There are 2 protein chains.
Amino acid sequence: MDKVLSYIQANRSKFVNDLVELLKFPSISADSKYKNDLLKCADYLKAKFEALGLKAKVYPTAGHPIVYAEYINPANKRTLLVYGHYDVQPVDPLNLWLHPPFEPFIEGETIYARGASDDKGQLLVHILAVEAYLKSGIPLPVNLKFVLEGEEESGPSHLFDFIPQNKELLKADGVVVSDTAMFAKGLPAITYGLRGIAASEIKVIGPNRDLHSGSFGGSIANPITELARLIAKFHDENYRVKIDGFYDDVRELEPWEREMWALLPHTDDGWLKTTGSPAVLGEKSYTTLERVWARPTCEINGIYGGYSGEGGKTIVPSWAGCKVTMRLVPGQRPDDILEKFTKYVHKVASPAVKVEVGNTVGAKPALVERDNFMVKAAVKALEKGFGKKPVFMREGGSIPIVNTFKEELGLETLLLGFCQNDDNVHSPNEKFSLTDFHQGIITAAHLFAEMK
Amino acid sequence: MDKVLSYIQANRSKFVNDLVELLKFPSISADSKYKNDLLKCADYLKAKFEALGLKAKVYPTAGHPIVYAEYINPANKRTLLVYGHYDVQPVDPLNLWLHPPFEPFIEGETIYARGASDDKGQLLVHILAVEAYLKSGIPLPVNLKFVLEGEEESGPSHLFDFIPQNKELLKADGVVVSDTAMFAKGLPAITYGLRGIAASEIKVIGPNRDLHSGSFGGSIANPITELARLIAKFHDENYRVKIDGFYDDVRELEPWEREMWALLPHTDDGWLKTTGSPAVLGEKSYTTLERVWARPTCEINGIYGGYSGEGGKTIVPSWAGCKVTMRLVPGQRPDDILEKFTKYVHKVASPAVKVEVGNTVGAKPALVERDNFMVKAAVKALEKGFGKKPVFMREGGSIPIVNTFKEELGLETLLLGFCQNDDNVHSPNEKFSLTDFHQGIITAAHLFAEMK
C-alpha cells in the first residue's frame, strides 16, 4: 500500500494533466453536433484503460457509446462495478463563463471546466487509483468492472437497456458511483438516499390569436393570469404541495436521521451565501437539509407566454405555458405522482381556458443500504483519504441508474462523492478542487484495499 | 352634393387603387430600419394633398415626420382638425400572414394588408372625400387641417410636443379622428369614451444563478412560483382587481349607458367566435361590453423566466419577470394607478425574493361630448353613409392624443370609426372592408357638408 500511496504522491501533477486532457473533450451529449467528440472521448478512455493493462471495449448504442473495462484476478474475493459518465451538461449561458468551458483553467487549487466535477473528475479518480496500483507493480486487491456512459446528462440513456442485456458481463458484488458531493469542504460523506423526479409541461390556451388588450381585455380569460393562478395553487401558505394525495406514500424521516442531520455543520447563512438567495423558504416544520434531501417538491423550471421583447405589447396572449419537475422521495412513484398532478391541474384550472398537460419522464427515488461491505470499506477509506470520518447524508438530486442496478443486477450502490455542492455543477464556471481530486484518489486506493 | 356623391361612385375602384398604393409603404414606426419608408410615406401624403390644391408640409421630428395640410376658405364658418396616423404596427409573427403584409391582397370586398384599417384606410377616407369635392369643382364647405403622424404605434410620439408648440397653426373648432371601429357590420357608431393605460414590468429575483433543482429545490424560493403567486393576487375570485384603492376614482357607469348598451345587438356567443376564446370571463356584475368599454383591467401581456426550450432543464431559475398593462377608465389617473400598483406589488410579494417594479408609460382615459356640432353632423352623415342611425358606444383601447387636443387646444374630439372589431388590428391578416371604406368616404363627404 505504501508503494501505491507513494505513486499517488509522486504523480500528483501528472494526474492533474490527465484530468486536463479528459476535460478538453467537449462531450455535450444533448447536442448532436458533438456526437463525434463523445466518440473520441470514449476511445480516449478505452485507450487509457488498455494502457494500464485492462481489457476494454467501446459499445456503440443508438446514442452515445458505453465504455466498458475490466480487471479480473481470480484470486480476488470481490468484484466492484464502477459507474460514471463522461458526457457533460450544455455550457450556455456561455457569456457567464470566466474561461472557455473546454479549456481547463487552474487557479490555485481549483480547476475550472465543464465536467470538472460532474462527472469526469470523479470518474477519473477511480481510474487513477487503478493506475497507482498497477504502475507500482501491485496487483489490484479487488476485481473492477468499469461502466462509463455518455448519455447521463441528456437521456433517454441506452444504459437502461444495456444493463439487462449484459447481466453476465456486469456480474459483481456491488456498485460504486462517484457522482455526488461531500457534505462540505474537508468533511467527506456517504450518500444513502436520492430523490426521484417526475416532469410535466402545462399549456394554457385562451383566444385563438394574440388579441388587442384594449379591445378585448377584461372580457375573456388571460392565459398568463390563469396559468399564474394555477401555479399559485401548487403550494399552500406553508409551502406544502397541495396536489391531492401527493404525500400519501411519502416515507417520513426517521427520528435518528433528523437527529444526525441536525448535528451537521450546516447553517442557513452559509446556504444563502452558496445560492445567493435572499432567504430560505420551504415546507414548514422541516429544516433546509431535510427539505432538500428528504421532502418532495413541485418546482417550475420555466415559464413563457405573450410578449417578452423590449418595451411593451398591449395584448391578451393566445396561450402560456410552463415546465414543471417534481422531486420525489422514497415511497413516491413517478407514474402515480404524474397521474395525481394531471388530475389536480385539470381540477383546479379555470374552465375559461383550455389546459393541456404533457407528462414526460420519471425516475424513482432511491434509498441504499447504510451498512454493508462497501459502506464499511468506504468509511475506513474516507477516514484515511480525508482524515475525517464521513457523515451519512442524502442528496436532493436523482441518479436513476441506481434503481436499475438494484432491480436488474440485484446490486447495492455505494454513493461516494468527492465534489462540493458549490462546484457549479450544471452552471457556468463548473469547478473541482484539486485537493479533493487528490484525496479522492487516495480514498479510492484505500477503498479497493478495504474490499479484500 | 350630388356631384360629390357621383364622383365618389364613379371613382370607387380608383379609390381602391389609392388605398393599395398607400398600404404598400412598410411604415413600421417601431423598427428603425423602416425610417426611410416612413419618410417616403409622409412625402407621398404631402404630394397627394398638394395634387388636390391643399397647402401641405412635412414637419421633421426627432422621430418620424408629421404631415400637415390645410384647406382654408375664409367664407367657411367652421374649421375641423383631422387627425390620423400613417405608421403601422410590426408584422410579426409573419408566418401567420396568408399574404405578404405590404402587398395588399383583395378578396371579394375585403382588402388585406398591415395598416388597412389601422389607420391608413381610415385616414384616407377623409382625403378622398376632399378629393370628391375639389375634383368635382365644389368648394369644401368646412375648413380642414390635417395632422397625420408617424409615431402612434411606437411612441413616445413627438406630436405631444408639436401640438403645444403649434397652437396657432392648429386652431380649429373640433377634431375628427377615424381610428376606432363601428359597432358591427352595417351598424355605425360614435365612440364617446376611451380607456387609458398604465404599463409596468415586474422582475422577481431569487438565487444569483440558475440552480440545480435537485440540490437546492425545496429550500429556497422559486422566482417563477413567487411571480405566479403575486399575479394570482391581482384579481379576486370575481375578477375584481385587488390593488388597494384601484377603484377609488372610477366613474361608475350611468344607468342610461347600461340600458343603451344592453339594447345593442351583442351576443357573448358572437364574442367567442370573434376571439376564439373558450369562455367569457371578467369582473362580476358587468356585461361583456361594460367590461371592455367601461371597466379597468390589470392584464399580463407577457411572462418569462427559466428554461423555455425543447425538453426540460432541472433548474430553480435565478429570476422571472412579466409585463403588465392596466386599462383605465374615466376618473382614474395613470400616475396614481402606477403608484398604487407598485405599492401593492411590494406589499403582497414574498419576502423570500427581491422584487423590482419598473413603470413606463401612461395615457389618461377620455370621455368626449355626446352632443355638439360635430356629433350632430356625424349622426346625420352616418345615417346617409350607412343607411342607419349610429349607436353611441365606448372603446376599450386608448387614443392618448385625444386628451392632448382637449388640454392644449381646448378641442373636443369626434371619434368616428369605419372598421370592424374583427379586422385583426395589431394581428396578422389585418383587413378592411371595401364597402366600409366606400361608405366611409360618403359619410365624410356628408360630415363636411353638415358642418356648415
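**Notebook: strands, helices and the contact between two chains**

I began with strand S6 of chain A and looked up the bridge partner of Ala69(A) in that strand, which is Phe146(A). I note at the outset that the model is predicted.

**Entry 1. Strand S6 of chain A**

I followed the pairing of Ala69(A) and Phe146(A) to the strands themselves. Strand S2 of chain A, residues 66-71, is joined to S6(A) by five bridges, and the two run antiparallel. I then looked up strand S3 of chain A, residues 79-85, and found that seven bridges join S3(A) to S6(A) in the parallel sense.

Is S6(A) mostly covered or mostly uncovered? I recorded that S6(A), residues 143-149, is mostly covered, with seven of its seven residues buried. I next sorted the residues by face. In a regular strand the side chains alternate between the two faces of the sheet. On one side of S6(A) I listed Asn143(A), Lys145(A), Val147(A) and Glu149(A), and on the other Leu144(A), Phe146(A) and Leu148(A); both faces are covered.

**Entry 2**

I turned to an open sheet of three strands in chain A, with the order S4-S5-S18 and antiparallel pairing. Its edge strands are S4(A), residues 105-107, and S18(A), residues 431-433, each of which pairs on one side only. Neighbouring strands here are turned by 25° against each other on average, direction ignored. I looked up the pairing of S4(A) with S5(A), residues 110-112, and counted three bridges in the antiparallel sense. Phe105(A) stands opposite Tyr112(A) of S5(A).

Which strands does helix H13 of chain A lie across? I found that H13(A) lies across S5 and S18 of chain A and runs at about 60° to S18(A).

**Entry 3. Helices H1 and H13 of chain A**

I stayed with H13(A), residues 434-450, and looked up its packing with helix H1(A), residues 2-10. The axes are 10 Å apart and the angle is about 165°. Angles over 145 degrees count as roughly antiparallel; H1(A) and H13(A) are therefore roughly antiparallel to each other. I noted the crossing of H1(A) past H13(A) as right-handed. The contact is made by Val4(A), Leu5(A) and Ile8(A) from H1(A), together with Ile441(A), Ile442(A) and Ala445(A) from H13(A). I classed these residues as six nonpolar, no polar and no charged.

**Entry 4. The sheet S4-S5-S18 of chain B**

I then examined chain B, where three strands form an open antiparallel sheet in the order S4-S5-S18. I asked why one side of S4(B) and of S18(B) is left without a neighbour in the sheet. S4(B), residues 105-107, and S18(B), residues 431-433, stand at the edges with a single partner strand each, so one side of each has no neighbour in the sheet. The twist averages 25° from one strand to the next. I found three bridges joining S5(B), residues 110-112, to S18(B), with the two strands antiparallel. Thr110(B) stands opposite Ser433(B) of S18(B). H13(B) packs on this sheet and touches S5 and S18 of chain B, its direction making about 60° with that of S18(B).

**Entry 5. Helices H11 and H13 of chain B**

I looked up a helix that packs with H13(B), residues 434-450, namely H11(B), residues 373-386. Their axes come within 8 Å and cross at roughly 145°. H11(B) passes H13(B) in a right-handed crossing. Among the residues that make the contact I noted Ala377(B), Ala381(B) and Phe386(B) of H11(B) and Ile442(B), His446(B) and Glu450(B) of H13(B). The contact divides into seven nonpolar, five polar and three charged residues.

**Entry 6. The contact between the chains**

Finally I looked up how many residues each chain gives to the contact. Chain A supplies 73 residues and chain B supplies 73 residues. Elements that each give at least two residues on the side of chain A include helices H6, H8 and H9 and strands S11 and S13. S11(A) gives the largest share, eight residues. I divided that side of chain A into 28 nonpolar, 33 polar and 12 charged residues.

I then followed S11(A) across to chain B. S11(A) pairs with S11(B), residues 299-306, in the antiparallel sense over five bridges. Gly306(A) stands opposite Gly302(B) of S11(B).

Technical notes: Residues numbered from 1 in each chain as written. Chains lettered and ligands numbered in written order. Predicted model: local features only at pLDDT ≥ 70, side-chain atom pairs only at ≥ 80, totals over all residues. Contact = placed C-beta atoms within 7 Å. Helix = DSSP H or I, 4+ residues; strand = E, 2+ residues; numbered from the N terminus. Nonpolar A, V, L, I, M, F, W, Y, C, P; charged D, E, K, R; others polar. Pairing = 2+ DSSP bridges. Axes fitted to C-alpha atoms, helices over the stretch in contact; angles between N-to-C directions. Left-handed = near helix turned anticlockwise from the far one by under 90°. Buried ≥ 20, exposed ≤ 12 C-beta atoms within 10 Å, placed from the backbone. Parallel < 35°, antiparallel > 145°, perpendicular 65-115°, else oblique.
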